[in-house]
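Please find below my notes on the model under review.

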Amino acid sequence: MKSIAFGQYYPANSPIHRMDPRAKVILTVLYIVCTFLCRNALCFAALVLSAILLTAVSHVPLRMILRSIRPLIMILTFTSLINIFMTKGEHLLTPSWEIPLWGTHVWRIRIFEEGLWTALFMILRIVVLLVGTSVLLSYTTTPIALTDALERLFAPLKKIKVPVHDIAMMTTIALRFIPTLMEETQRIMNAQKARGADFTSGGLIRRAKALLPVLIPLLVSAFNRAYELAAAMECRCYHGGEGRTRLKVLRLRFSDVFAVLLLIAFGTGIFFLNRLGIGYTMKG
Amino acid sequence: MAETFIHAENLSFSYQGSNGGDDVPALKNITLDISKGEYVAILGHNGSGKSTFAKLLNLILEPTAGTLIVGGTDLSSGDLSDEELIALRRRVGMVFQNPDNQLVATIVEDDVAFGPENIGVPMPELRHRVDGALASVGMSEYADREPHHLSGGQKQRVAIAGIIAMRPECIVFDESTAMLDPLGRREVLDTIRMLNRENGITVINITHYMNEAALADRVIVINDGTVLMDGTPDEVFAQRDRLREVGLEVPQCAELIHRLREAGIPIEGTAISHVESCAELLAATLRGGEPAHG
Amino acid sequence: MDKIHLDHVSFTYSAGTPFEHQALDDVTVHIGASRITGVIGHTGSGKSTMMMLLNGLSKPTSGNVFLDGYDVNSTAKELYKTWLTLPEYRNLRKSTAKKAIRKEVEARKRRLCFRVGLVMQYPEYQLFEETVFKDIAYGPKNMGLSDEEIRERVLEAARFSGLDESLLEKSPFDLSGGQKRRVAIAGVIAMKPEVLVLDEPAAGLDPIGREQIFEEIRRYQRSTASSVIIVSHSMEDMAEYCDDMVVLSQSKVIAAGTCEEVFSKVSMLDEVGLDIPQITQLMRRLRKMGIDIPENVYTVDRAVEILKRYYQSQKGNLT
């Protein structure tokens with residue numbers, strides 16, 4: 001049987017894996033705030049150091065993390081080029097090259113030291129953001145634990161009539177059925193291929209049309225499944241979130257609280273490092 | 001006589017006609033009683049109304065006429081409160097045909113807990129029930145697996161555990177083995193028998209497999225929305241020709257006995273539902289044509 | 001000659017990952033032309049994988065699949081040497097001949113799924129067209145046939161599958177389960193495959209539905225003289241409807257041949273946990289009880305015959 005690798009979860013038993021998922025959600029939010037607080041080289045050095053530390057603690061192999069950065073290379077290149085060429089500052093590094101465009105228009109290329117710094121900071125910010133969230137959350141938390149954590153964190157919103165439980169239930173069911181529907185898709189595709197369907201040749205429109213014999217049966221079966229599942233859930237006494245108990249009880253431990261406090265301290269530190277004004281300080 | 005658990009009298013159900021057409025009757029004037037602790041198989045071809053009957057038992061469908069009393073609750077009165085409905089469904093569990101479409105959670109033990117969580121079973125009782133239910137279907141070692149990695153038979157056993165954890169008095173199996181291979185079917189049937197024998201749970205198994213019906217204490221044959229036969233497997237399989245008329249076959253053993261009798265071989269006895277008992281009957285006749293030795 | 005020949009075929013899923021799984025292990029099978037062959041095994045025995053190899057949906061990890069003696073996965077490169085000596089190519093310029101060979105190999109690859117028609121398990125879930133007619137016509141249309149020819153084939157296929165002509169303009173989604181199954185089978189029969197492969201064609205049907213479907217498959221096979229392969233885990237059905245059998249267990253072939261030959265190894269089939277027919281179980285039991293009858297009996301008809309004869313001879317001895 002083919003197994004479908006699902007989500008990004010990397011099974012291991014690191015301190016981060018063992019943490020309460022709610023604490024991890026809070027830590028992730030705080031960490032994102034930290035990356036945006038950073039303004040100067042010293043802050044970013046501290047930030048990068050923290051990302052390396054987190055990765056080491058998480059037991060997630062480096063190559064997995066690098067793999068998740070790969071799709072971002074285009075964006076990183078693009079933003080850094082823009083920053084390098086568009087940031088204006090005081091320390092000009094290059095002579096003013098002028099490239100004639102059309103008529104009397106010229107494009108004046110000037111690269112400032114500030115541009116280089118900004119580009120570097122932006123790259124670091126995006127990479128650390130990505131590494132931090134994957135190590136703290138996506139690689140170390142199962143989708144179901146994450147759903148559970150979000151449901152509990154947002155529980156107070158029930159007071160203002162936000163259907164927190166229902167959203168969480170729907171997410172759980174979606175997670176449960178993704179592998180099933182993926183298998184089904186494969187099966188239907190094979191069945192139509194056996195009748196001579198061709199999903200790979202032709203232009204975009206032709207290919208989209210060729211997918212109809214897959215999408216329609218898939219949709220029909222998904223509706224059937226939904227109908228049957230609803231009946232099964234009703235038979236198992238499901239009547240919304242009211243009065244439900246829980247098999248899995250989440251308990252915040254001291255280490256969870258400690259981690260959150262530690263990160264708050266880290267953020268405060270960064271806030272003050274910015275004030276020191278050592279070297280170039282990014283605006284904005 | 002054991003206490004009656006299900007009492008149906010002139011029970012009827014019609015599906016609403018589509019596009020304003022006439023209603024389609026699925027069950028007509030069913031009258032029967034099922035006692036506590038019975039193991040009943042309900043036989044019938046596709047479209048005979050057997051699944052409709054199952055769906056009435058815990059009010060997925062509402063009877064259109066007649067009386068239906070399940071565990072002392074009158075389901076035909078049409079004014080059950082939500083609490084009463086939930087209480088009914090806790091007592092009468094249902095296992096469906098497609099094992100994939102009844103598991104809710106991404107982890108086996110979470111799925112087993114789903115039902116009891118819904119009826120508000122508190123911890124640690126909840127944990128106790130989940131572990132007990134998984135153990136009784138032999139799936140304890142799979143507690144933290146993901147359902148989509150399990151075989152069909154295993155998924156179906158998880159579904160059964162999810163029902164057991166609600167401590168029901170009766171479980172209805174609505175063609176629960178139809179999508180399984182022989183191995184999976186055997187696993188599920190063994191589980192069903194165990195639940196009936198050891199836990200005293202009333203079992204209603206809706207099926208069109210004759211070999212499966214032979215395992216029950218009592219077989220009810222439904223055809224065209226009415227009860228055609230009602231008796232022990234031996235009694236029902238003795239009426240081969242009538243069964244064939246309604247699109248059903250008797251198990252191969254019973255078929256053999258019928259055919260041999262037709263050929264003029266005098267086989268005594270009525271126990272024709274199982275390989276073992278058939279072999280006894282045949283051996284008695286074949287050993288020099290004498291009647292059975294005892 | 002064999003219609004299909006699997007020669008030392010192995011197939012491994014997700015090789016090199018933790019999910020690696022060998023579905024077929026050095027399997028050699030001969031499937032005769034114009035016969036009904038039953039492939040039997042548990043879920044996970046490799047039988048479904050085997051089907052996908054027959055029409056090119058997957059390629060074996062090692063070994064070869066031959067259809068009429070032609071390796072269905074052969075590449076033009078491998079064939080140049082031998083084919084360049086064939087009369088069709090001998091007199092062409094070498095580059096032209098190579099091009100022609102390449103084209104022919106491509107065309108054969110494309111035609112493979114029409115030559116080996118595959119009906120998957122629960123095929124009613126693949127219906128998608130507005131009408132039954134259009135759905136059955138999907139395969140023939142992909143073959144690039146004329147409207148006239150398509151029409152003819154659809155009508156014929158519907159007849160073979162026991163579908164009434166009045167159903168053809170209905171939506172397939174309005175039909176009963178058994179009818180949907182027939183539409184899906186007709187959709188494959190309409191491609192007029194030389195080999196028709198069906199995976200559990202009767203799964204989930206009631207006894208009469210099962211019997212009808214198998215009768216229709218048999219009628220189709222007898223009147224078209226095509227080869228039919230039925231994959232199933234029901235020994236009872238296979239014993240009744242197949243000429244030959246291949247038994248798979250744990251990715252290997254453990255028995256193959258005519259039904260008679262396969263059932264002569266009935267103890268071994270029992271040992272690997274296959275569901276041997278009830279009638280066979282009964283006859284074996286009688287034999288153990290000291291009644292001298294053969295144990296490889298797998299149909300009720302045959303059992304009746306044997307026991308009748310036995311009874312008469314016993315009676316003869318007494319009088």
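Predicted model: local features only at pLDDT ≥ 70, side-chain atom pairs only at ≥ 80, totals over all residues.

1. The radius of gyration is taken over C-alpha atoms, and the globule rule used for comparison is 2.2 Å times the number of residues to the power 0.38. For the 294 residues of chain B, a compact globule would have a radius of gyration near 19 Å; chain B has 21 Å, which agrees. Along the principal axes, the C-alpha atoms of chain B fill a box of roughly 65 × 50 × 40 Å.

2. Residues are numbered from 1 along each chain as its sequence is written, and chains are lettered from A and ligands numbered from 1 in the order in which they are written.

3. Chain B contains 11 helices and 10 strands; helices (H or I, at least four residues) and strands (E, at least two) are DSSP runs, numbered from the N terminus. Buried residues make up 53% of its 294 residues. A residue is buried if 20 or more other C-beta atoms lie within 10 Å of its own, exposed if 12 or fewer, and partly exposed in between, with C-beta atoms placed from the backbone. Of the contacts in chain B with a separation of 6 or more, 63% are between residues 24 or more positions apart; two residues are in contact if their C-beta atoms, placed from the backbone, lie within 7 Å.

4. Some backbone details deserve attention. Most residues other than glycine have a negative phi, and most peptide bonds are trans. In chain B, a cis peptide bond joins Met123(B) and Pro124(B), with omega about -5°. Pro124(B) lies in the loop between helix 3 (108-118) and helix 4 (125-136) of chain B.

5. Asp224(B) has a phi near 50° and sits in the loop between strand 9 (218-223) and strand 10 (226-231) of chain B. Asp224(B) is partly exposed because 15 other C-beta atoms lie within 10 Å. In chain C, Lys192(C) has a phi near 45° and belongs to the loop between helix 7 (177-189) and strand 7 (195-199). With 19 other C-beta atoms within 10 Å, Lys192(C) is therefore partly exposed.

6. How do helix 3 and helix 4 of chain B cross? Their axes come within 9 Å and cross at roughly 125°; axes are lines fitted to C-alpha atoms, for helices over the stretch in contact, and angles run from 0 to 180 degrees between N-to-C directions. These two helices of chain B are therefore oblique to each other. Angles under 35 degrees count as roughly parallel, over 145 as roughly antiparallel, 65 to 115 as roughly perpendicular and the rest as oblique. Among the residues that meet are Val112(B) and Pro116(B) in helix 3 and Leu126(B) and Val130(B) in helix 4. By class, this contact has 7 nonpolar, no polar and 3 charged residues. Here Ala, Val, Leu, Ile, Met, Phe, Trp, Tyr, Cys and Pro count as nonpolar, Asp, Glu, Lys and Arg as charged, and the others, Gly among them, as polar.

7. In chain A, helix 3 (residues 41-58) and helix 6 (residues 113-138) pack at an angle of about 25°, with their axes 10 Å apart. That makes helix 3 of chain A roughly parallel to helix 6 of chain A. The residues in this contact include Phe44(A) and Leu47(A) of helix 3 and Phe121(A) and Leu124(A) of helix 6. The class counts are 11 nonpolar, 3 polar and no charged residues.

8. Which elements of chain A supply at least two residues each of the side that touches chain B? In this interface, 25 residues of chain A are in contact with 35 residues of chain B. Helix 8 (164-193) and helix 10 (212-235) of chain A are the elements in question. Helix 10 of chain A provides the largest share, 8 residues.

9. Between chain B and chain C, 31 residues of chain B are in contact with 32 residues of chain C. The side of chain B that touches chain C has 17 nonpolar, 10 polar and 4 charged residues.
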